[in-house]
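Open your viewer and get ready to click along.

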Amino acid sequence: MLQVIRRICSDPLGLIGLVLVVVLVVSAALASVIAPYDPIALNIIDRLQGPSFNHLLGTDQLGRDLFSRVLYGGRVALKVALISISIALCVGVVLGMIAGFGPRWLDNIIVLLFDTVRSFPTVMFALATVALVGPSLSTVIVIIVITSIPTYGRVVRTQTLTMKTNEYIQAERVMGASSFRILSVHLLPNVVGPLFILASMDIPTVIALEAGLSFLGMGVKPPTPSWGSILNDGYNLIRNTPWPIIAGSIPLVLVTLGFTFLGESLRDLIDPKLRNSL
Amino acid sequence: MLLYFIKRVGLGLLIVMLAVTLLFLMIHLVPGDPARILLGPRATPELIASMSLQLGLDKPLPVQIMMFFANLFTGDMGMDVITNRPVAEIVFGQLPYTLSLIFTAIIGASLIGIPLGCYSALNRNTLADRVVGILSVACITTPAFVVALYSLLIFAVHLQWFPAVGAGEKGDFWDQVSHLVLPAFAIGLSWVGYLSRLVRASMLEVMGENHIRTARAYGLPERVVVFRYALKLAVLPTVTVIGVGMGFLLSAALFTEIVFARPGLGKLIFDSISTRNYPVVMGSVLISTILFVVSTTLSDLINAWLDPRIRASL
């Protein structure tokens, strides 16, 4: 672990990525300590202020401190990303292995389902779901889980298909090992590496999607702060003040950039062959 | 090739049908009567009953789905219950706006991104290459709606170089073009980054191949080697990437159309979902799914045509 961190730090972009991600995680975890104000406390007298020593990023139309809202918004972003990607990973691994290792007809059905889910542009699918179920954080998580499963599932399936014919797997089977044992002891450790990279590169996409849905008013409910809802406030106030847009976008852009740099650095570290794939 | 073509197109059709069925199921499995949700809390039972009849909700679900498909073949996508206009007319009225936006964005992004990637590859590992690389990643990771917000803030509100909302007067070409600049920029920026990285990678690969070495050995000028022989091959993967990227393009278009209050498929979907206008939701989501499936199928077919190994995999 220490060695991995040391090697990431030797790559300047990896180091920048790591710093940005650590800053996000720490500021989100300590939001209640760092934030100078309550993120949802109204203060109409101080509304629409620019940055000052009292309000580092200014205030919004209800006088809420934007810096505090940005800090708490980081919590929402991180929570959605971690929960949804972990669930999608688990389900994707199971489905992908079943598709790759199971009978051909099951494989066909699962792949068709994956393709169908992927044939909806994500945002359209998200909008349709939110319209029917109503906006909430858990709806956002469910949407991300459903739309991410096919990506992981397909990778696992392909890996399983190629490994299934390897001699050591054949040998294991001849010795009478159960399918469960072959999958969990031999195949799983081999697919985890690429999946881990894929998931770390997916975090920025998920954070951006959460922000996008909240921007459309279809993510977290007000007054809960999210970077997307801060940007939505900024959009409505665009002719009065630029600060909410600046406050909401800076962490969003920095964090997506940080996770991307970190993910690419990790990818080069774990699997240099993939370096030229993008 | 013909067999692959039939299989791939068949798969595309199957996916569209499954997607529509899924959408139907979603609308109907959610608690509450769609007609009641559509009409709001103050609707009388008679009104709800007549709306259900109009929407065909009184029939069993499989019959409804079959009817939807049967009507689709005659070009009938149902009636908009709010304005009482045919859904097909509404959707196809909005489609040109989105298509022109997407195509402008992609053409613009190709004009900037491909030369950038080419330049990066030819000046590999120089400072300029590094800067282009970092900028490309920054372009890729910044969400389209953030770019849209900033371009609205800077170029429309503060500098007032471009109009802020709408799609321009009908018939006035230059007005429409000036309304297209900022939204197309918002969608295209991430593609500039994406295309430049892609072209850089494939250019580096192509430049190492035998035919390039041969061309150089014949003493052809570097300009001819790069543009006539290398770039032509290196650009090929972008065609398929754009095909697969249709989903991202449509999503980005949705956000941009909302930020710039520009008519289009994305805004239509958003508005019809907000007003729970289900026939329009079905029609517009169907068309965007078809757009997406057609473009991915086309890019797969082009790929298979270029690379016989892929044909064997389906």
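**Stop 1: a helix pair**

Select H7(B) and H8(B): H7(B) passes H8(B) in a right-handed crossing, meaning that the near helix is turned clockwise from the far one by less than a right angle. Helices here are DSSP runs (H or I, at least four residues), numbered from the N terminus. This is a predicted model, where local features need pLDDT of at least 70, side-chain atom pairs count only at pLDDT 80 or more, and totals for chains, interfaces and linings use all residues. Residues are numbered from 1 along each chain as its sequence is written, while chains are lettered from A and ligands numbered from 1 in the order in which they are written.

Now show the side chains of the contact (C-beta atoms, placed from the backbone, within 7 Å). From H7(B), pick residues including Val147(B), Leu152(B) and Phe155(B); from H8(B), include Leu182(B), Phe185(B) and Leu189(B). Colour by type and you will find twelve nonpolar, two polar and no charged residues (Ala, Val, Leu, Ile, Met, Phe, Trp, Tyr, Cys and Pro count as nonpolar, Asp, Glu, Lys and Arg as charged, and the others, Gly among them, as polar).

**Stop 2: where the chains meet**

Next, select the contact between the chains: 39 residues come from chain B and 36 from chain A. On the chain B side, H1(B) gives the largest share, eight residues. That side of chain B has 31 nonpolar, six polar and two charged residues.

**Stop 3**

Finally, zoom out: chain B has 15 helices and zero strands, and its C-alpha trace spans about 85 × 55 × 35 Å along its principal axes.

Methods. Helices (H or I, at least four residues) and strands (E, at least two) are DSSP runs, numbered from the N terminus. Two residues are in contact if their C-beta atoms, placed from the backbone, lie within 7 Å.
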